[in-house]
Amino acid sequence: MPTLRSATLSPAPAATPSPTAATPSPAAAGTTPSSAAKRRMTARRAADSPDSPHFTSPHKSPLAGTGNFGAPKMLSASPKSSRKRLYGDLVPAERPKWNPRDPAQMQAVKEALHVATTPSCGLVCRDDEQRRVFEFCKACVQQERAGSLYVCGCPGTGKTLSISKVKQSVSRWADEMGMETPDDLSINCTNLGNTSDIFGKVRKKASGKLSPLQQLQRMFSHKESAPRRMLLVVVDEMDYLITRDRAVLHDLFMLTTHQFSRCILIG
C-alpha cells in the first residue's frame, strides 16, 4: 500500500506543467541556476549603465540600432558661434582694445556721438526741408530784401545740421551766379548770459550811447546807413530767448521788417 500510494502521487506534478517548463528555450536548457543568475545580474548592470541606450519613446524600438533614428540634430547656440555664423568675415580678427583712460579714444567717441557731427553717409530724409529753406534764402538774396523763417521740430531731428547745409548751399550758389556772397552769422542762445545780448552778437561794432538794438533799428531804417551785403543770421535754440513779455523775440523778428533791412533771420 505505501508503494501504491507513492506511485499515484509522484506523477501529479507532471500532469499540470507550467508554460515555461513546457516550452523551454534552447539556451536555457543547458544552463545551470548559477549561470542564469549571473546573466540576470549582468543584464541589470548593463541597464543601469549611463552609456547604455534607453528607449523611452513608444515609437522607438530596441531593434532600431542605436535608437537615434529620426532624431533632429541639435545646432550649437553659443553666442560666439552665432556671431561668427551671422557676420563671418565682417567681424575683424584684430580690433583695438577699449581703454576709457585713453584720451585719443575718448575724443573720438565724443566727436562721433556729438549731435553736430555730420555722419559719413550724409543727412538723409531732409532733402525737402533743405530745399524749402534754400529757396527762401535764394529769393531773399536775389530780391535784396529781408525775411524771417522759423524752423521747429523735435530734438535730434536734424534742424541744426540742415540749416548748416543750407548755408553752404547758399554760398556756393552765390559764387556760381557771380553774386555777392551774403555774410553769415550763427548764434547759439545757450551761450548767452542775458537774452538781450543777442543784439550785441548781431551788431558787433556797437558804439556810442545807443544800445545794440537801437543801433540796428536805426541802421535798417535809413538807406545811407544800411549795409550793402545781405546778412544771414541763424539763431539756434531760440526757445532760450523766451521771456515773460516776449520782448526780445519780438524785437529780433521786427528787425527784418524795416524798409532797408538786409537781414535774413532763421530761427
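**Exercise 1.** Is Asp128 buried, partly exposed or exposed?

*Solution.* Begin with the conventions. The model is predicted, so local features need pLDDT of at least 70 and side-chain atom pairs count only at pLDDT 80 or more, whereas totals for chains, interfaces and linings use all residues. Residues are numbered from 1 along each chain as its sequence is written, and side-chain values use heavy atoms, with hydrogens and water left out.

Next, apply the accessibility classes: buried means under 20% relative accessible area, exposed over 50%, and partly exposed in between (1.4 Å probe, protein chains only). Asp128 has a relative accessible area of 38% and is therefore partly exposed.

**Exercise 2.** Identify the salt-bridge partner of Asp128 and locate the pair in the secondary structure.

*Solution.* A salt bridge requires a side-chain nitrogen of Lys or Arg within 4 Å of a carboxyl oxygen of Asp or Glu. Under this rule the count is five salt bridges. In one of them Asp128 pairs with Arg131, with 2.5 Å between the closest N and O atoms.

For the location, helices (H or I, at least four residues) and strands (E, at least two) are DSSP runs, numbered from the N terminus. Both residues belong to helix α8 (residues 127-143); because they are three residues apart, about one helical turn separates them. Arg131, at 47% relative accessibility, is partly exposed.

**Exercise 3.** Determine which residues join Glu180 in a network of salt bridges.

*Solution.* First, Glu180 forms a salt bridge with Arg228, the closest N and O atoms lying 2.7 Å apart. Glu180 is partly exposed at 34%, while Arg228 is exposed at 68%.

Second, Asp183 and Arg229 meet in a salt bridge at 3.0 Å, N to O. Here strand β2, which holds Asp183, is linked to the loop between α11 and β3, which holds Arg229, across 46 residues. Asp183 has a relative accessible area of 34%, and Arg229 has 36%; each is partly exposed.

Finally, salt bridges with shared partners join Glu180, Asp183, Arg228 and Arg229 into one network.

**Exercise 4.** Describe the backbone and exposure of Glu237 and Arg246.

*Solution.* Glu237 has phi near 55 degrees, a positive value in a residue other than glycine. Arg246 likewise has a positive phi, near 55 degrees. Glu237 is found in the loop between β3 and α12 (247-254), and Arg246 lies in the loop between β3 and α12. Glu237 is partly exposed at 36%, as is Arg246 at 44%.
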